[in-house]
Each structure stands twice: as C-alpha cells, then as structure tokens.
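Please walk me through this structure.

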Amino acid sequence: MDTIRILHHHAPGYGWSFDSPDIPGLTGGTETFDAAHAEEAAMFALTCAAEEQGLPAPTNTTFEHYVPAGVAVAV
C-alpha cells in the first residue's frame with residue numbers, strides 16, 4: 001500500500017490549493033476545501049505516469065491530507 005501526502009494551502013479571499021511532495025508537478029485548487037478533488041487529481045497523475053511507463057495503474061493507494069495549523073475545514 002502506498003501512502004500519498006497531499007498538502008493543502010489556504011489563501012483568504014482566494015480559496016484553497018494543493019500539491020504533493022510525492023507526485024512531482026501535482027497542483028490544483030478549488031474555492032472550498034475539497035479532499036476528494038485532490039485525491040482524484042492525484043490518482044489521475046499516478047495513473048498517467050504508470051501508463052507512460054507501461055505499468056498498471058496503482059491500486060490500494062491511501063492519502064494523508066495536511067492543512068495549515070489553525071485553519072478550520074468543513075468535512
């Protein structure tokens with residue numbers, strides 16, 4: 001099982017963005033905190049990278065989400 005870290009960033013008045021130290025080039029954003037959107041983007045990036053290398057798409061992947069300290073998120 002692979003665990004992928006997703007780092008969320010909040011900019012008041014602008015919304016949320018995310019990236020991952022485990023997936024080079026992964027970045028995205030939304031107006032509100034959306035962990036599911038970040039996971040879908042990460043899986044898309046991992047699947048594309050695997051296909052480019054002739055490997056099967058990853059399975060059994062888990063995600064850890066990190067948000068800035070002191071920022072409340074609606075779950």
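The side chain of Ser-20 comes within 2.6 Å of the backbone oxygen of Arg-5. A polar atom of that Ser-20 side chain also lies 3.1 Å from the backbone nitrogen of Asp-22. Polar contacts are pairs of N or O atoms within 3.5 Å; within protein, one must be able to donate a hydrogen and the other to accept it, and residues adjacent in sequence count only if both atoms are side-chain atoms. This is a predicted model: local features need pLDDT of at least 70, side-chain atom pairs count only at pLDDT 80 or more, and totals for chains, interfaces and linings use all residues. Residues are numbered from 1 along each chain as its sequence is written, and side-chain values use heavy atoms, with hydrogens and water left out.

Where is Ser-20 found? Ser-20 sits in the loop between β2 and β3. Strands are DSSP runs (E, at least two residues), numbered from the N terminus. Ser-20 counts as buried because its relative accessibility is 8%; buried means under 20% relative accessible area (1.4 Å probe, protein chains only). Leaving out residues up to four places away in sequence, Ser-20 touches Ile-4, Arg-5 and Leu-26. Contact here means heavy atoms within 4.5 Å.

Arg-5 leads on to the strands. Arg-5 stands opposite Glu-64 in β4. Strands β1 (residues 2–11) and β4 (residues 61–66) run parallel, joined by 6 bridges. Two strands pair if DSSP finds at least two bridges between them. β1 also joins β2, through 5 bridges, and these two run antiparallel. His-9 stands opposite Ser-17 in β2. The hairpin of β1 and β2 has 3 residues between the strands, and in this hairpin Gly-13 takes a positive phi near 85 degrees.

How many cavities of 30 Å³ or more does a search of the whole structure find? The search finds 1. A cavity is a set of points on a 1 Å grid over the protein atoms alone where a 1.4 Å probe fits but cannot get out; lining residues have an atom within 4 Å of a point. The largest cavity has a volume of about 40 Å³, where volume is the space filled by probe spheres set on the points, and points are joined across faces, edges and corners.

Ser-17 returns here. The lining of the largest cavity includes His-8, Trp-16, Ser-17 and Phe-18. β2 (15–19) and β3 (27–30) each supply at least two lining residues. The largest share, 3 residues, comes from β2.

How values were computed: 1 Å grid on protein atoms, 1.4 Å probe; cavity = no way out; pocket = protein on both sides within 12 Å on 5 of 7 lines; lining within 4 Å. Helix = DSSP H or I, 4+ residues; strand = E, 2+ residues; numbered from the N terminus. Buried < 20%, exposed > 50% of the residue type's maximum accessible area, 1.4 Å probe, protein only.
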